[in-house]
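Here is a friendly walk through one model, written for someone who likes to know the cut-offs behind each term. Have the viewer open and follow along.

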Amino acid sequence: MTTMRIPFNRAGLVGNEFRYIAQALEAGHISGDGRFTMKCHELLEKELGVGKALLTTSCTHALEMAALLLNIQSGDEVIVPSFAFVSTINAFVLRGARPVFCDIRSDTLNIDEGTLESLITPRTKAIIVVHYAGVGCEMDNILDIAKRRGIAVVEDNAHGLFGKYRGKYLGTFGCLATQSFHETKNFTCGEGGALLLNEPQHFERAEIIREKGTNRNRFFRGQVDKYTWVDLGSSYLPSDVLAAFLFAQFEHREQIQSQRRHIWNYYNENLAGWTGSNGAELPFVPAYCEQSWHMFYVLMPSLQARQRLIAHLRAQEILSVFHYLPLHLSEMGKRWGGKEGQCPVTESVSDRVLRLPFYNELNELDQERVISAVREVNV
Ligand SMILES: Cc1ncc(COP(=O)(O)O)c(C=O)c1O
């Protein structure tokens, strides 16, 4: 891989990462559920106001836990936006679900709640929403539909930690929500995630699923005198070394979010003129959404225009990326009947979206270089 002068992402240290890792080592507890894992749980529960938070080894694994908790079985249908990450649906397909692909809105690029009802059948077990770029989906409508039809809502909030919809934190709307602490996210420990639980009925079973299907947590609390295999499960808990790193990042959450807000606003202000005269679009954030400042993207007028911009930036050693190939048109999606034209907005956006370099330590000089390079391209 060539090294870019301005990479797309760069993981950075913000404070006490090494000190806390040393403390975890000194305490002699570096497996899961050590002191720093508990501190992360406490912080997420308090800050977000969720009933229970459990660190996991990834957002993918938190989604797998969600599928297990909802007892997803062969023949169940799960609705998912086609413009999403593979794990968002793969976790449910692993349990035997049939994926039902929903299109997205052309403004926020979030699931199109207006078409949801037409996709619901008696077999629909869950609706998975992704708060794309940390901008909230239309949760009032989505929850209303799901409640009327008795369907669970899971929020894949990989992008949206500390974002809000109508004043309430993302991740607190569905019965379950998942977070990612992968290197590309606002807060990271390299690879990591969390499951947020908003319904007490899932609390105990989630602990069991996360601990290989055993009641080990009950044993540690002194509620049983030995622990044993009681349910399905796997090893979904991260090392306390990772939790120590993550907690150091959480401690500086205000600083991280404010740096990212500054970067986002700088792109937005300085690219407005260029997008206007080149048929491109800036991200749309509804007034009632507080975004999480996770990414900055532009929507180009065509696939050719996007590819030309990527090549132009690359020639100046600036890495820009695109993402989410439509799930319904993937090899797996086609096995469930995915066809061209089925989710037209997803298909169009997937061809046109371009993400610009975005990381906590992106300095103004480098950002200025990115902006100047973008402005050199006339579509
Ligand atoms: C929407 C979404 N969900 C899930 C994931 C998977 O996250 P992880 O790498 O933590 O498993 C990603 C990855 O970027 C994502 O964008």
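## An exposed phenylalanine and its patch

Phe 220 counts as exposed, because its relative accessibility is 55%. The scale used here calls a residue buried under 20% relative accessible area, exposed over 50% and partly exposed in between, with a 1.4 Å probe and protein chains only. Phe 220 is found in helix H8, residues 216–220. Helices (H or I, at least four residues) and strands (E, at least two) are DSSP runs, numbered from the N terminus.

Together with Phe 219 and Tyr 227, Phe 220 makes a nonpolar surface patch of about 310 Å². Patch members have over 30% relative accessible area and no salt bridge; nonpolar side chains (Val, Leu, Ile, Met, Phe, Trp, Tyr) are joined within 5 Å, and like charges within 9 Å. The areas come from the Shrake-Rupley method with a 1.4 Å probe, and for residues only the protein chains shown count as cover.

## What the model is

This is a predicted model, in which local features need pLDDT of at least 70 and side-chain atom pairs count only at pLDDT 80 or more, while totals for chains, interfaces and linings use all residues. Residues are numbered from 1 along each chain as its sequence is written, and side-chain values use heavy atoms, with hydrogens and water left out.

## Strands and their partners

Strand E1 (residues 52–56) is largely enclosed by the rest of the structure, because five of its five residues are buried. Both faces are covered: Lys 52, Leu 54 and Thr 56 are buried on one side, and Ala 53 and Leu 55 on the other. E1 pairs with strand E9 (residues 193–197) in the antiparallel sense over five bridges; two strands pair if DSSP finds at least two bridges between them. Thr 56 has Gly 193 of E9 as its bridge partner.

There is also an open sheet of three strands, in the order E7-E6-E10, with antiparallel pairing. Its edge strands are E7 (168–169) and E10 (289–290), each of which pairs on one side only. Strand E6 (residues 164–165) and E7 pair over two bridges in the antiparallel sense, with Tyr 169 in E7 as the bridge partner of Lys 164.

## The largest pocket

Which residues lie nearest the centre of the largest pocket? They are Phe 85, His 159, Thr 184, Lys 185 and Tyr 324, out of 27 lining residues. Helices H3 (59–69) and H4 (86–93) are the elements that give two or more residues to this lining. The volume of the largest pocket is about 480 Å³.

For the method: on a 1 Å grid over the protein atoms alone, a pocket is an open set of points with protein on both sides within 12 Å along at least five of seven lines, whereas a cavity is a set where a 1.4 Å probe fits but cannot get out; lining residues have an atom within 4 Å of a point. Grid points are joined across faces, edges and corners, and a volume is the space filled by probe spheres set on the points.

Helix H4 also holds Phe 92, which counts as buried because its relative accessibility is 0%. Phe 92 and Ile 128 are 36 residues apart in sequence, and their C-alpha atoms are 9.8 Å apart in space.

## Salt bridges

How many salt bridges does a search of the whole structure find? The search finds 18, each being a side-chain nitrogen of Lys or Arg within 4 Å of a carboxyl oxygen of Asp or Glu. In one of them, the side chains of Asp 231 and Arg 205 meet at 2.6 Å, N to O. This pair links distant parts of the chain, 26 residues apart: Asp 231 is in the loop between H8 and helix H9 (240–251), and Arg 205 is in helix H7. Asp 231 is partly exposed at 21% relative accessible area, and Arg 205 is partly exposed at 22%.

Glu 211 and Arg 216 meet in a salt bridge at 2.9 Å, N to O. Glu 211 counts as buried at 2% relative accessibility, whereas Arg 216 is partly exposed at 25%. Arg 369 and Asp 366 form another salt bridge, their closest N and O atoms being 2.6 Å apart. These two are separated by about one helical turn, because they are three residues apart in helix H14 (residues 364–375). A network of salt bridges links Glu 117, Asp 144, Arg 148 and Arg 149.
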